[in-house]
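Please read it with the structure open.

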Amino acid sequence: MSRLSFTQGLVVGQLSVVLILAAFIKFFIFGDPPSSDVTASLRATERRSRTLAHKQSLLSLRSPSQRRSQQLKRKKSNVLRNPPALTIGSILSKTFYNVDSHQPESLDWFNVLIAQTIAQFRSDAQHDDAILSSLTKALNGTSRPDFVDDIRVTELSLGEDFPILSNCRIIPVDEDGLTLGNGIRFDAAAAARDGTRLQARMDIDLSDMLTLAVETKLLLNYPKRLSAVLPVALAVSVVRFSGTLSISFIPSNPSQSTPTMMTFSFLDDYRLDFSIRSLLGSRSRLQDVPKIAQLVEARLHRWFDERAVEPRFQEIALPSLWPRKKNTRGPDDTIADGGLSVGRSKGKDIVRDLRDDTVRRKGTTVDERHRDIASLRHRNTLKDSSMLDIPGSLASS
């Protein structure tokens, strides 16, 4: 009887393991992922709830004293004439921009400039391995876990299309970046009192195929090092991105020696679609495992949300725009040696020739240098005498 009970327990245990393993393979590895529309809707709802919670927390912490703008104590100059106070209302009135009735603008000219910049970046990347080296170094950085072998980039595509920006509008926001609310008309006096600043919002849409493919190996170091090795190949492509980009400027603060800052972020209503391909194994390979695609996509969305989606934003310090001589560039560059004005490419050739001539002269003897100098003086004398024979020239006294 005991032997039968042990046999039954062994069978039940084996069946349980088999059922659990079969359920894991069916639902975790080969389970059908939800549709992209459902996933995007769920992520948008989650982001929207997070943004609303952040706004509610900001509104609850505010007090009437915090709404009043704080005047900075700055050292006034006795030479410069004190300009009138620069407020949001004065800027809008002098630029003839009405935030309540101005129609959104197209950015066709700006799209052309952005397209030229991206095209030049792609062209430079084709002739330079700097971006490939930077990606490889970033992927194999200190944050790489121990169970992941060296990561090798196998494919890199920067796309062929360009982002299209449109529907640009200027809206006033408070010091925390919150809009004034729908139906509330702009009040210049209240804006100057509450520290309101201007923010540019524009729609951005990109339909392209930006691809990054890598290869690595998953290492099993237990119970001993390299007990098992699983080759992994992964290709991630950005297929579509659409959202709203917000850009604003934070003025400099001389008392704290802070420069002018440009901040940008994306609203929580963006849409980001990926195409993820995977390949596991060396001989018996598993291709395009749905669960791996879901995990990678969720990780990429979380990475983007934590860096550039409101309430988080990116902050970039702007350089000084005051014109300086060292930053001046033009069609002609002056060579300090001869005081001649030549083209940039020609100047580089002359400098290179002078450098080569200096290197060659380092190997000559002292007598050869004296002979070169004498020969040069003789040629200059002949040149000066020949110039005196030109018709119409003045005779030497």
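1. Basis. This is a predicted model, so to speak of local features requires pLDDT of at least 70, and side-chain atom pairs count only at pLDDT 80 or more, while totals for chains, interfaces and linings use all residues. Residues are numbered from 1 along each chain as its sequence is written, and side-chain values use heavy atoms, without hydrogens and water.

2. Helix α2. Helices (H or I, at least four residues) and strands (E, at least two) are DSSP runs, numbered from the N terminus. Helix α2 covers residues 36-61, 26 residues in total. At 1.5 Å a residue it should span 38 Å; the expected span is 1.5 Å times one less than the number of residues. The end C-alpha atoms are 38 Å apart, which agrees.

3. What α2 packs on. Buried residues in α2 are T39, A40, R43, R47, T51 and L58. Buried means under 20% relative accessible area, exposed over 50%, and partly exposed in between (1.4 Å probe, protein chains only). The buried residues of α2 pack against β6 (271-280) and α8 (290-308).

4. The core. A nonpolar core is a set of buried Ala, Val, Leu, Ile, Met, Phe, Trp, Tyr and Cys residues joined through side-chain atoms within 4.5 Å. The largest has 19 residues; M202, F241, F266, Y270, I276 and F304 touch the most other members. Two or more residues come from each of β2 (164-173), β3 (197-220), β4 (228-250), β6 and α8. The most come from α8, with four residues.

5. F266. Contact means heavy atoms within 4.5 Å. Beyond its neighbours within four places in sequence, F266 contacts I204, F241, T244, L245, F304, A308, V309 and E310.

6. Aromatic pairs. Rings of Phe, Tyr and Trp (its six-membered ring) pair if their centres lie within 6.5 Å; planes under 30 degrees apart are stacked, over 60 edge-to-face, the rest tilted. The whole structure holds six such pairs. W109 and F110 are edge-to-face, at 5.6 Å centre to centre and 70° between the planes. W109 is exposed, at 57% relative accessible area; F110 is partly exposed, at 28%.

7. F241 and Y270. Their ring centres are 6.1 Å apart and their planes at 35°, so the pair is tilted. F241 lies in strand β4 and Y270 in the loop between β5 (261-266) and β6, so the pair ties together parts 29 residues apart in sequence. Both F241 and Y270 are buried. One aromatic cluster is formed by F241, F266, Y270 and F304.
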